Amino acid sequence: MEKNAIIYGQEFEYCFIEDKGYLELEVFKGPRLNPLSFDFSSQLYHHQQMNYSKHKEPLAKAMGFAKNPNPHIIDLTLGSAGDALILLSMGARVTGIEMNPVIFRLLENALERAQMSKEQSVKEMSSHLTIVHDHSMDFLEQTDETFDVAYLDPMFELSEKKSLPPKKMQIMRDLISHTPFFDAKIICLAKEHGVRRVVIKRPLKGKELFPGVVGTVKGKTVRYDIY
Ligand SMILES: C[S@@+](CC[C@H](N)C(=O)[O-])C[C@H]1O[C@@H](n2cnc3c(N)ncnc32)[C@H](O)[C@@H]1O
């Protein structure tokens, strides 16, 4: 991707801007929105201060932290790494796969900055994150690595009641489609790599993505289906 190239979303157009090593995606044609960038350092620091309970936090319960406090998790839909950063702060090692090249470039930049943080704990947590630009089915077909848990968070469809997603989600929604880029085979593929549980994030009242759910952990707004 060339530095000054125009990037086409589904509706809007964008360009990258970089200032002192900080990369942002700016809307070039479209609504007035704040540029999109990821800040792993402040998020990791925040999560660490929150000191989430591994016995109460729904994401931690779904991942099975109580039994394995330092799992190697493969996040097959990394996105802005929001969930991955929470998992890192809880003690996981995370390999995150992202297929979208624009989002991946923002992720790379955020990770580089976090790895140079003056905050030692942030530096350490970010050293436990590996990011890969690939399609997660292709990645699983090729890798020899093993993992304890696989995590999937496909983009939810917008509910009919809501006309627009929150502002900070509008760019993400314009760049990525809500159609899942994988099928049920991903569960078997993950299990061929040592994965003992696959966790899929769903809207609280949404349909199961695939049949075969063996357990569910409910949060306030989302649900984690376990396979
Ligand atoms: C809803 S977002 C994930 C959000 C993430 N859990 C977070 O907390 O920031 C879904 C992401 O998965 C990516 N994605 C979807 N299917 C994929 C696939 N098969 N391989 C790799 N990335 C995929 C999309 O490009 C998108 O960035």
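Contact here is counted when two C-beta atoms, placed from the backbone, lie within 7 Å, and helices (H or I, at least four residues) and strands (E, at least two) are DSSP runs numbered from the N terminus. The model is a predicted one, in which local features need pLDDT of at least 70 and side-chain atom pairs count only at pLDDT 80 or more, while totals for chains, interfaces and linings use all residues. Residues are numbered from 1 along each chain as its sequence is written.

**Exercise 1.** Find which residues of H4 are buried, and work out where on the helix they lie.

*Solution.* Begin with the extent of the helix: H4 covers residues 101–115, and its 15 residues reach 21 Å from the first C-alpha to the last, close to the 21 Å expected, where the expected span is 1.5 Å times one less than the number of residues. Next, apply the burial rule, by which a residue is buried if 20 or more other C-beta atoms lie within 10 Å of its own, exposed if 12 or fewer, and partly exposed in between, with C-beta atoms placed from the backbone. The buried residues of H4 are then Ile 103, Leu 106, Leu 107, Ala 110 and Ala 114. Seen down the helix axis, these residues fall within an arc of 100°, so they line one face of H4; the arc is that of the directions from the helix axis to the C-beta atoms.

**Exercise 2.** Describe how H1 and H4 pack, and name the residues that meet.

*Solution.* Start with the geometry: the two helices, H1 and H4, pack at an angle of about 60°, and their axes are 8 Å apart. Axes are lines fitted to C-alpha atoms, for helices over the stretch in contact, and angles run from 0 to 180 degrees between N-to-C directions. Then list the partners: from H1 come Phe 40, Ser 41 and Leu 44, which meet Ala 110, Leu 111, Arg 113 and Ala 114 of H4. Finally, look at burial in H1, where Phe 40, Ser 41, Gln 43 and Leu 44 are the buried residues, with H3, H4 and H5 among the elements that cover them.

**Exercise 3.** Decide whether Pro 211 is buried or exposed.

*Solution.* First locate Pro 211, which is found in the loop between strand E8 (197–203) and strand E9 (215–218). Because Pro 211 has 7 C-beta neighbours inside 10 Å, it counts as exposed.
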